[in-house]
Amino acid sequence: MTHRAYNFNAGPAALPIEVLQQAQEQFVEFGGSGMSIMEMSHRGAIYEGVHNETQALMRELFAIPGNYQILFLQGGASTQFAMIPLNLLSAGKTGAYVMTGSWAKKALQEAKLVGETAVAASSESVAYNRIPDLSEISVPDNAAYLHITSNETIEGTQFAAYPDTGSVPLIGDLSSDIMCRTVDVNQFGIIYAGAQKNLGPSGVTIVIAREDLVAESPKSVPTMLRYDTHAKSNSLYNTPPSFSIYMVNLVLKWIASKGGVAALEQYNRDKTKLIYNAIDESGGFYRGFADPASRSLMNITFRLQSEELEKQFAKESEQHGFVGLKGHRSVGGLRASTYNAVPLESCKALADFMQEFQRKNG
Ligand SMILES: *Cc1c(COP(=O)(O)O)cnc(C)c1O
């Protein structure tokens, strides 16, 4: 048996073992073609079959309506931070941002390079330990869009519900929580997500966009940064990251085999409950960073009484086979990323380890 770590990496992150094994089987020769999927033309029938099937699977599993396009782009979610304003933020309009933490800040920073921006709500005053209340969000009259970060990967907070923005398009960065739970895609103008947390390896960024928002980009935008370039060519304007898209295809089939997104959501709730309970029942030994109402299903952030003890926790956890529990360098503490492919068994093992560590050090 292959040794598998208890992988709580924040991204790139755990992939289902079944997916890795299937990719291994098909690695050298894909579907009787005499070559790997990596070695064939992206304009051939075999690759295009995988490409189109991946879109169809995503549409079905995430209930994406017919008037939305599914794009496969490169440059990570970080490139979307720029593409959103380049394509949607015209003169006289304002790009509105809900400031929830580290990734929201990066998104806003890029928009500032392009045009007028506004902060629609912020939890900076409480160190981003919660998502602002939906009632705190104020969208300017001339807003081109409202941008939110659905899940703040570093702080460990997540929108429990999304704001109703009326006719203003809601843009969602779902990089770290796409398909962790069911979502009404109709609430959004555009959803984007780097694949490497919940959907596959790095290298492909999924953009789910309402057709009218990507039909025509401003003339001044360079070809590769235009949504209309990719929308008009089914994401085949240039060479797509074909192997990453193939891996997303396998992950989507794995999600289907688990009963779909709703079943996965319940599984994720069961998983995170084990770890949040270990925090809540520790009598203050572990301190959850996020306000309970804003807790994330994907990234669990917590602290101990001292940095010394946190270091010891990180070190001992590694000795016990846990990987990736050290918090992001910008906020410190500890973080367990419990993405879709992280099995319940890993979360159970972590909860047990936390209790044992407390018994020895509490
Ligand atoms: C990881 C992450 C990003 C950055 O993704 P890249 O693909 O590395 O550019 C952006 N937003 C969120 C919420 C993330 O978790």
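This is a predicted model: local features need pLDDT of at least 70, side-chain atom pairs count only at pLDDT 80 or more; totals for chains, interfaces and linings use all residues.
Arg43 touches Glu48, Leu236, Tyr237 and Asn238, leaving aside residues up to four places away in sequence. UniProt, in an unreviewed entry, places the feature "binding site" at Arg43.

**Arg43**

- Arg43 sits in the loop that runs between helix H1 (17–25) and helix H2 (45–61).
- The relative accessible area of Arg43 is 46%, so this residue counts as partly exposed, a class that lies between buried, under 20%, and exposed, over 50%.

**Shell around the ligand**

- The ligand has 13 residues around it, and those that come nearest are Ser78, Thr153, Asp173, Gln196 and Lys197.
- By residue class, the shell around the ligand holds 8 polar, 3 nonpolar and 2 charged residues.
- Helix H3 (residues 76–88) contributes 4 residues to this shell, the most of any element.

**Polar contacts and burial of the ligand**

- In Thr153, a polar side-chain atom is 2.4 Å from an oxygen atom of the ligand.
- For Lys197, an N or O atom of the side chain lies 2.7 Å from an oxygen atom of the ligand.
- For Gln196, the distance between a side-chain N or O atom and an oxygen atom of the ligand is 2.9 Å.
- The ligand taken alone exposes 390 Å², and the protein buries 87% of that area.

Key. Residues are numbered from 1 along each chain as its sequence is written. Side-chain values use heavy atoms; hydrogens and water are left out. A residue is near a molecule or strand if one of its heavy atoms lies within 4 Å of it. A polar contact is a pair of N or O atoms within 3.5 Å; within protein, one must be able to donate a hydrogen and the other to accept it, and residues adjacent in sequence count only if both atoms are side-chain atoms. Accessible areas come from the Shrake-Rupley method with a 1.4 Å probe; for residues, only the protein chains shown count as cover. Helices (H or I, at least four residues) and strands (E, at least two) are DSSP runs, numbered from the N terminus. Ala, Val, Leu, Ile, Met, Phe, Trp, Tyr, Cys and Pro count as nonpolar, Asp, Glu, Lys and Arg as charged, and the others, Gly among them, as polar. UniProt positions are given in the numbering used here, feature names are shortened, and annotations may be inferred rather than shown by experiment. Buried means under 20% relative accessible area, exposed over 50%, partly exposed in between (1.4 Å probe, protein chains only). Contact means heavy atoms within 4.5 Å.
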